[in-house]
Amino acid sequence: MSIVSASAVSVLAQDGVNTRQAWQVLDTEPEVLVNAQGLAQRNLSIRGGSYTGSGLSINGLRLKSPYSAHWNAEFPILGNLLSVPTVGTGIDNASGHLVGTADFSTRPLGDARQVYAGLGTKEHYAGGIYASSENVGGYFDWEKARRIDSPENDLERSAGGAVFRIATEEWNIDLIAAGQSKDYGAYGYYGQTNDVSHLLDDTLLYAGATRGDTDDAFVRISAFYRDMRDQVLDVSTPDYTDIFSRNFAAAAEGRTMEIQHLALYVRGDLEYERVSGSIPDDDRTRGSLLFLPEARFERFTVKAGVNSVFQTAESTDFLPIAGIDWFLTDNGVVSLSYTETEQQPDFQTLENNPLLEQQHSKNTELGFKQYLSENSDWKIGAFFRTLENASDWIGGTATDLGRLNISGLDAAFSYYPNEQLRLSVYYQWVYKDNKIEDGLYETDYPEHLLNLSAYWHFLEQFSVQFSQTTRLQTENSVRTGDDFGALATLGLHYSPSFAQNARLSFLVDNLWGSNFQSIPGLKSRPTTVFTGLSVNW
């Protein structure tokens, strides 16, 4: 059960200057924690999970980076081409990533044209153009920055793509071709202390077709092909690696009409991954077939089924899925679910430690959600998961942690009286039964997390946006700063009456000048300012 309401929609998803990339949209979604490494790379965390267990999907189809899960947050598609994501855990994540998935959806394009440009501190420049009609859209996006968080860490990134949507009486068909290239310094990233330069090229082709409403009877077919090339040069030595990773995935899913209070959800997935280049060639296949019958009664909905999963070098597993919704009142529901998910480590982790085994997560969730009115809702939930064969990077080595038990509570409140004002508050508490204090990811997490996201369109020409992530991190000997962090972003937008198609944006990142290290040992970015101008016609 997802704890964040879909009604807590971020209006930032339609802005141009500050939502070019998917992570910039996710940065305003309270349940997703974005741990940044400069401007070049982000690790996602959902409910205290590591970057290896959290990621993205598009129209329900999980996106992966076969070589390194550090790229799970990469999305070469322009962020404001897609609907604001919904975050799925538990029974809503049976076919997603190990712990949680932020699912983006394609949306109608409409007639729009926009050009945008901006500049900021740290010699940060950005610009791009976007245009679409009812059925086709295209874009180009570019940015450059210097000395982002260290004198060695510059960035230059460019991205472009095209989107096609064909709408018939019964089907919505989406085709996407997108690519991205980024060249950046990574001194201090990933626990490294060398002066390292990365060049990442990422190409994504996606095709999907949907018939019906996914909340009712529907059929959906989708597939993608992804090609990534990661070139790494250690400036201090002659070491150079050139790694290719390719990923193909396809899924078909659907739910039958409800007959005599009964319905059936069926889904089949197939994935193929391959890596080559500076590491030994390797490939693997994964497939799954999920059956989930459901019965609806006056006050209850019961779901129980199984997801059969087969993977290269693994025996077939049958993973149980069960859940019950009790409609306590007309506007309040109690939900209980149990699910199991599993995944093999990425190739980068296995290259470092080939003895690591497949991870298996057993997830139990209990929650209550209530709509207080037509413009507000709140939720509270408890979760417990047992992660078998958990791993973390400790001292440069991918280390087997064995079994890890994770307990947590979270709560959210959303207020959205109109299009001019929206407010979301999210709190999370997580406990893990581990004694390790020098891991970089799985064992380094916020014990207490408070996220605030707000948007206010005041007066006729001004709007302000604000997001605040306050957290108390678990103790870690690698972190050289405080365990307390308060990272905030503030944006002020001005649309002058004499130029109604223009919008001036003033953005401040790390508003309070926090020195918190979101990755232990990694120097935080200083306070930065960015000014952008977008023009629509």
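User: Which strand is the place of Ser132?

Analyst: Strands here are DSSP runs of E, at least two residues long, numbered from the N terminus. This is a predicted model with residues numbered from 1 along each chain as its sequence is written. Local features need pLDDT of at least 70, side-chain atom pairs need 80 or more, totals for chains, interfaces and linings use all residues, and side-chain values use heavy atoms, leaving out hydrogens and water. With that settled, look along residues 124–132 and you'll find Ser132 in strand 8.

User: Is Ser132 buried or exposed?

Analyst: Check its relative accessibility, using a 1.4 Å probe and protein chains only: under 20% is buried, over 50% exposed, and in between partly exposed. Ser132 comes out at 6%, so it counts as buried.

User: Which side chain makes a polar contact with the side chain of Ser132?

Analyst: We want a pair of N or O atoms within 3.5 Å, one able to donate a hydrogen and the other to accept it; residues adjacent in sequence count only if both atoms are side-chain atoms. Ser132 has such a pair at 3.0 Å, and its partner is Tyr130.

User: What does Ser132 contact, leaving aside neighbours within four places in sequence?

Analyst: Contact just means heavy atoms within 4.5 Å. Going by that, Ser132 touches Leu109, Gly110, Asp111, Ala112, Arg113 and Gly137.

User: In strand 6, what is the bridge partner of Ser83?

Analyst: Strand 5 (residues 82–88) has five of its seven residues buried. Five bridges join it to strand 6 (residues 100–106), and the two run antiparallel; DSSP must find at least two bridges for strands to pair. In strand 6, Ser83 has as its bridge partner Ser105.

Notes: Helix = DSSP H or I, 4+ residues; strand = E, 2+ residues; numbered from the N terminus.
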